[in-house]
Amino acid sequence: MEPSLHRIQIQFADQKQEFNKRPTKIGRRSLSRSISQSSTDSYSSAASYTDSSDDETSPRDKQQKNSKGSSDFCVKNIKQAEFGRREIEIAEQEMPALMALRKRAQGEKPLAGAKIVGCTHITAQTAVLMETLGALGAQCRWAACNIYSTLNEVAAALAESGFPVFAWKGESEDDFWWCIDRCVNVEGWQPNMILDDGGDLTHWIYKKYPNMFKKIKGIVEESVTGVHRLYQLSKAGKLCVPAMNVNDSVTKQKFDNLYCCRESILDGLKRTTDMMFGGKQVVVCGYGEVGKGCCAALKAMGSIVYVTEIDPICALQACMDGFRLVKLNEVIRQVDIVITCTGNKNVVTREHLDRMKNSCIVCNMGHSNTEIDVASLRTPELTWERVRSQVDHVIWPDGKRIVLLAEGRLLNLSCSTVPTFVLSITATTQALALIELYNAPEGRYKQDVYLLPKKMDEYVASLHLPTFDAHLTELTDEQAKYLGLNKNGPFKPNYYRY
């Protein structure tokens, strides 16, 4: 019991410090970062062991070595490795498909010879992905795709086990690009695969080291923003290697967006505000997969839910699911919570914020940090009061206040955690996309953006079924012939909507 108690005390002391700090620089980063962060903006405040005694020293100025004598990494504090290892082991329990992939493919090493440079959130879950890629034969170098999302102890555990990791929580703009450069620009090591989240790594290589693409076999990208950038490159004829759009695969869209948000919306709101949901009036802006998940969870808790939508098809779905479809202006004075899930900009404007009732909670679940016009609230007549980590009260001259969560950044990654099981589905999809692109025969993929083959989507899903002791029905030869299908799939045409 001793170590865990010690850990809790350290966390508590550190969290108290965090509550008392007024953030002055958050949200004032350059446009390039805010665009690239839009898919999963901000960081996880999940229990994180942090030794605050050396907070003032930049990791770039420290000389650190792991127990094997290697210094090819840059993390906050290598001494935190033991705590990080525990986090990774806990995550492994909820990531059955990646563990199954390790078991099945360790013998044949489908990524032998692969040199993967990665830029993702560095959490316990991505650590399981990285170690799986290593077990499948790949060499990896890694940076963080977000300046806040790194769990320092996990980065330390990866560095200790020999992964060149360059990341820490609270990097500056300059640190961010320095870390990416340290991953890519290393003597005697040339990447041949890219795993990206947000497109920053791909952008950096295009900008600084375009010749590297001669050796790169493919890019795997998992965010809305990064995929958008890839399609732009492809349209302009500038994409010089095949790329796999993991973001729009069924297993990513349905599970990461719908089921994950259905659980994490309540978690994020509860942890930050301790609120009760029963009877509360909530407006959810956007009824895509994220909005559907949020609405389902809040309705189940007894909230009265309104929906805003621009798309008549999504709007009709909201109506059929029993939600009132409104314009934001119609309900803004009466609702207790406003949640944005659109990926758009200025969905909640200063005019809306002025008309909200006292103590209205405002938060964003969409992939972009532009949905709530937070910049308009940084004016002299309004007072900002930090009441706890990631919770600000913005107070009007007449005493009215709104409760702004995570400064309008992604609520679940900022204020709670994302269910590990869901990340297992996404990470397995990424691993299979890397295996597919790396092993594809010459000419199968051209210099374009591809969706993951449906057979692989089905395979990812099948790897997660044993967790539920679920038994799939198998087609008879006669049934397969009748449906015109292969007995082993794929079972749906590409145009099928799940």
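**Charges, rings and a helix**

Trainee: Which ring does Lys299 lie over?

Mentor: We're looking at a predicted model, by the way. A charge sits over a ring if NZ of Lys is within 6 Å of the ring centre and within 35 degrees of the ring normal. Lys299 is 5.1 Å from a ring centre and lies over the face of that ring, which belongs to Phe323.

Trainee: And what charged end sits over the ring of Trp189?

Mentor: Here the cut-off for CZ of Arg is within 6 Å of the ring centre. The charged end over Trp189 sits 5.8 Å from the ring centre, and it belongs to Arg141.

Trainee: How do Tyr445 and Tyr450 pair: stacked or edge-to-face?

Mentor: The structure holds 9 aromatic pairs. In the pair of Tyr445 and Tyr450, the centres are 4.9 Å apart and the planes make an angle of 75°. Planes over 60 degrees apart count that way, so this pair is edge-to-face.

Trainee: Is Tyr450 buried or partly exposed?

Mentor: Tyr445 has a relative accessible area of 15%, so it is buried. Buried means under 20% and exposed means over 50%. Tyr450 has a relative accessible area of 23%, so it counts as partly exposed.

Trainee: How far apart are the end C-alpha atoms of helix α7?

Mentor: Helix α7 covers residues 173-184, which makes 12 residues. At 1.5 Å a residue, α7 should span 16 Å. The model agrees with that, as the end C-alpha atoms are apart by 17 Å.

Trainee: How many residues apart in sequence are the parts tied together by Arg85 and Glu131?

Mentor: Arg85 and Glu131 form a salt bridge, with their closest N and O atoms 2.8 Å apart. Arg85 lies in helix α3 and Glu131 in helix α5, so the pair ties together parts whose separation in sequence, in residues, is 46.

Definitions and conventions
Residues numbered from 1 in each chain as written. Predicted model: local features only at pLDDT ≥ 70, side-chain atom pairs only at ≥ 80, totals over all residues. Heavy atoms only, no water. Helix = DSSP H or I, 4+ residues; strand = E, 2+ residues; numbered from the N terminus. Expected span 1.5 Å × (residues − 1). Phe/Tyr/Trp six-rings, centres within 6.5 Å; stacked < 30°, edge-to-face > 60°. Buried < 20%, exposed > 50% of the residue type's maximum accessible area, 1.4 Å probe, protein only. Salt bridge = Lys/Arg side-chain N within 4 Å of Asp/Glu carboxyl O.
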